[in-house]
Amino acid sequence: MDADIIIIGAGVVGAALAYGIAKKGHKVIVLDGKDRDLRAARANFGLVWVQGKGSDTPAYTELTLQSSDLWPTFRQELAEAAGSRVDYSRRGGLAFCLSEADYQAREALLERTHNRQRQAYTEMLGRHALERMLPAVTLGNAVVGASYCELDGHTNPLQLYAALLAAVSTLGSQVRFRTPVTAIKPMSGGFEVDTLQGGVRARRVIVAAGLATPGLTDPLGLVVPLYAERGQILVTERLAPMLPLPASGLRQTSEGTMMIGATNEKAFDTGVTIQSAIKLAHRAQRIIPALGSVRLVRQWSGLRVLSPDKAPIYAESTRHAGLFAAVCHSGVTLAAAHAAIVGPAMAEGQLPQNLAAFSNGRFDVQKCA
Amino acid sequence: MTYDVLIVGAGPAGMSAAVQLSRLGLAVVVVDEQPAPGGQIWRGVERNKSGPLSQALGEDYRKGLSLVETFRASPAEYMPETQVWHIEEGWSVFLTSGGRARRVCARVLLFATGAQERPVPFPGWTLPGVMTVGAAQILLKSGGMLPQGRVWIAGAGPLPLLYATQALDLRGQLSGYLDTSGRPGLAALQKLPGAWRDLAGLAKGAGWLRALRRKIEFVRDVKDLRAEGEGRLQHIEWSTQGRRRRVEADVLLVHQGVVPRIHETLALGCAHDWRADQGYFAPRLDRWGETSRPGLFVAGDAGGIGGWSAAMVSGEIVALAIAARLGKGGDVEELRRQARLDDRLAKALALRPLLDALYPPPRERLADETIVCRCEDVTAGTIRAATRTSVPDPNAVKAATRCGMGPCQGRQCGYTVQALLAEVHGVPAGSVAFFNIRPPLKPITLSEIASLEDMETAG
Amino acid sequence: MFKSVLEGSAAAPDMMVMVNGVETPAWNGETVASILLRVPNVGRTSPVSGKPRLPYCQMGVCFDCLAVVDGIASTQGCLVAVRPGMRIDIQRGPREIAR
């Protein structure tokens with residue numbers, strides 16, 4: 001065997017799993033694809049976000065809460081292990097409402113999502129409360145209020161990603177870039193993973209290859225229904241600090257740049273469009289009109305990795321024990337849970353009962369395919 | 001409105017193509033970042049047609065005036081001080097000028113965007129007082145500006161020689177010239193026979209060199225250049241023949257050749273090739289200047305450095321092809337022969353192989369502390385560390401270090417990152433890609449973008 | 001750091017511009033970037049390091065000539081010709097946007 005566990009996919013999900021597993025003393029080999037493969041890990045917005053998550057899947061809400069609470073420790077240990085900086089703050093987060101209808105819909109969503117959990121951590125803020133919270137900002141007339149969740153936070157997702165990769169190496173495991181996987185072959189006592197650079201063997205395999213996952217797991221009977229949704233994001237030049245806490249679709253990074261996002265589109269490539277830039281710029285200006293004078297430096301897009309109910313899939317093959325799939329949209333928010341809970345569980349070969357709700361068995365696979 | 005042809009750049013290539021195309025009755029618009037036509041080579045040529053600058057700037061400079069005048073008189077529409085910030089298939093070109101965004105459409109696009117100076121970082125290159133020779137020459141052409149105090153030039157190539165000659169003619173002060181090019185090798189000598197086709201050009205360069213060495217301190221074989229100072233340039237330091245020297249300096253002008261401007265063609269996904277001898281990427285063009293994307297053409301230095309006279313000819317060649325594409329061409333092969341375009345191009349390019357051999361891209365090892373990315377202040381050491389445990393993928397380095405994420409979009413750091421990645425991984429530079437270029441091509445305000453909403457709903 | 005050869009000549013400047021509120025002579029064809037090099041202490045500072053910077057390339061590719069021109073911030077000074085009465089203000093560090 002070349003390693004205890006092979007993880008296919010060195011995105012933010014695969015890297016967080018690998019970090020958590022390596023920390024437990026297992027030897028991991030992470031296999032990454034080609035330079036130009038889809039890379040949501042380099043395209044995302046950077047929220048560590050609780051509000052509204054899992055409105056129809058309570059287990060997802062619960063896991064998100066858990067991960068959000070694990071984040072401060074996770075971040076500190078990760079930064080130490082990697083010897084690098086991972087900006088993170090948790091001062092709560094906002095979702096601006098730009099009309100009465102918007103406000104009411106948001107209120108209803110939060111009640112549905114969070115009322116059955118701890119009640120205290122989300123609230124609706126009227127315009128005046130919002131203005132007190134954001135003294136350096138003049139809000140646009142359209143802003144009616146916002147939902148607020150004190151558990152929300154944000155990080156620098158690129159620093160997070162770089163630190164995860166660095167920590168995996170520091171902990172004695174290995175990331176092999178430019179090693180696209182062509183097939184997974186069960187063998188006695190484990191698996192052989194075929195790559196363009198030859199075979200790699202391990203007792204267990206976790207496929208965390210985002211949208212490329214089904215192509216590797218479906219042939220082995222581990223069917224993972226996924227679809228892609230494109231999100232386009234804008235980022236501006238650096239500004240003096242003005243937004244003390246992040247909002248859904250608008251956050252100021254620790255560098256000072258303002259990130260504006262994100263669209264939800266049916267698309268299968270990572271192109272960008274003027275229509276989306278116009279829409280995003282317009283909305284940002286409706287929230288904070290002074291942003292109109294700020295320069296856009298870059299526009300990009302990524303593909304969200306979504307299951308039919310938008311919650312993560314953590315599943316083990318029923319046919320081949322030791323073959324797992326781990327795919328989700330919120331790889332940043334869930335990074336702490338992936339490192340502390342999901343990764344180690346898969347490494348031990350046993351998904352705990354509280355993760356059973358994320359099995360692929362919850363979907364009628366026939367219908368989804 | 002929809003134009004037949006949109007040309008980006010009003011330098012030698014863009015103007016000559018515009019003149020030809022509008023002569024054939026095509027609706028042409030020329031978009032240019034500068035306030036007046038001429039490109040960098042003939043910058044300010046209209047305002048300098050008389051006065052003290054005209055004589056000093058030389059004959060090649062004055063030659064630009066007639067093309068500028070022909071261009072001004074042509075029916076081609078001209079949009080100065082206008083930047084292209086995005087292009088969409090079809091072709092929709094998004095422009096900004098005076099803080100207002102707009103979209104224009106064209107059936108064919110021609111990039112005649114010219115060159116930029118190759119950014120060559122060294123310790124201290126971000127200090128006020130350090131700038132490129134090209135920048136100083138532009139200041140001379142556009143406002144008659146000369147550097148003051150203790151002024152040093154460091155670098156290689158014909159441009160610093162020309163600039164030094166021009167500055168001295170105008171009684172500018174130069175303290176010294178640091179030649180970083182090293183001794184010409186055998187490779188350069190082998191290129192000499194071909195260069196005889198441009199005897200005048202050869203003689204000119206040799207003349208500049210001789211005159212300079214009489215007038216100012218001329219130091220050969222300069223290595224390990226460093227600029228130092230508190231808040232501005234105060235000293236420069238270099239090594240020559242094993243000795244380190246340090247002098248006081250107020251202005252340091254540097255130059256290491258020029259490279260094509262390829263951000264537009266990269267952003268549009270055109271195929272590019274690595275030119276190892278010149279050390280740059282150039283868009284892959286057919287013999288008519290068309291890129292790998294149909295309807296998208298390149299003329300002049302943007303397609304590979306050839307200088308202004310080659311750029312003019314290539315503008316004419318591309319104009320023939322575009323006219324044919326739009327049904328106005330006739331027998332373009334015959335027209336190409338009649339106008340002896342290939343002959344003229346060959347003559348214009350005769351000196352190039354010699355120049356490439358005399359002034360190869362610099363290959364000095366960068367000190368770890370050197371800032372590579374001026375926008376984000378990322379050092380060579382940080383880039384080396386980021387790639388050491390990874391693969392030579394500049395986009396991975398960008399994500400890990402922010403190098404190339406600032407407003408210049410990698411225009412200053414792209415080739416340096418490529419060289420550092422090649423060095424760390426022990427692979428040829430050409431095997432390392434350039435950054436992914438994301439829109440916008442130039443930073444634009446959110447209100448300008450949002451202002452397009454009306455247009456979008458109306459359209 | 002730079003001086004125009006026209007400055008010394010008897011000819012009057014072509015126009016006056018306001019640099020940080022101070023009236024300053026300027027010549028036709030000059031750009032904002034050239035003013036930043038002629039007038040002391042009006043260059044930008046890096047929003048990353050806070051260190052002073054001055055125009056480096058003059059051809060639109062280095063972004064070290066950013067200035068506030070007639071109220072529009074982060075304008076590339078080398079791409080804007082001076083006009084009579086133009087207001088040029090320093091841009092220091094990360095931008096503060098109006099409340």
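Predicted model: local features only at pLDDT ≥ 70, side-chain atom pairs only at ≥ 80, totals over all residues.
Let me start with strand β1 of chain B, residues 2-8, which is joined to β2(B) by 4 bridges, with the two strands running parallel. One residue pair in that arrangement is B:Val8, whose bridge partner in β2(B) is B:Val31. Between these strands the chain passes through helix α1 of chain B, residues 12-23, and β1(B), the helix and β2(B) together make a right-handed β-α-β unit.

Strand β2(B), residues 28-31, also has a partner in strand β3 of chain B, residues 77-79, to which it is joined by 3 bridges, again in a parallel arrangement. Here B:Val30 stands opposite B:Tyr78 of β3(B). As for the side chains of β2(B), which of its residues point one way, and which the other? B:Val28 and B:Val30 point one way, B:Val29 and B:Val31 point the other way, and all of them are buried.

I turn now to the backbone geometry, and to two cis peptide bonds in chain B. The bond from B:Gly90 to B:Trp91 is cis, with omega near -15°, and B:Trp91 sits in the loop between β4 (83-88) and β5 (92-97) of chain B. The bond from B:Pro439 to B:Pro440 is likewise cis, with omega near -5°, and B:Pro440 belongs to the loop between α16 (414-425) and β23 (444-445) of chain B.

Finally, there are two arginines whose phi angles deserve a careful look. A:Arg178 has a positive phi of about 50°, although it is not a glycine, and this residue lies in the loop of chain A between β9 (174-176) and β10 (181-187). In chain B, B:Arg340 has phi near 50°, which is again a positive value in a residue other than glycine, and B:Arg340 is found in the loop between α11 (332-338) and α12 (341-348).

How are these two arginines classed by exposure? A:Arg178 counts as partly exposed because it has 17 C-beta neighbours inside 10 Å, a count that falls between the limits of 12 or fewer for exposed and 20 or more for buried. B:Arg340, by contrast, counts as exposed, because it has 12 C-beta neighbours inside 10 Å, and 12 or fewer is the cut-off for that class.

Terms used
Residues numbered from 1 in each chain as written. Chains lettered and ligands numbered in written order. Pairing = 2+ DSSP bridges. Right-handed = clockwise from strand over helix to strand, strands pointing away.
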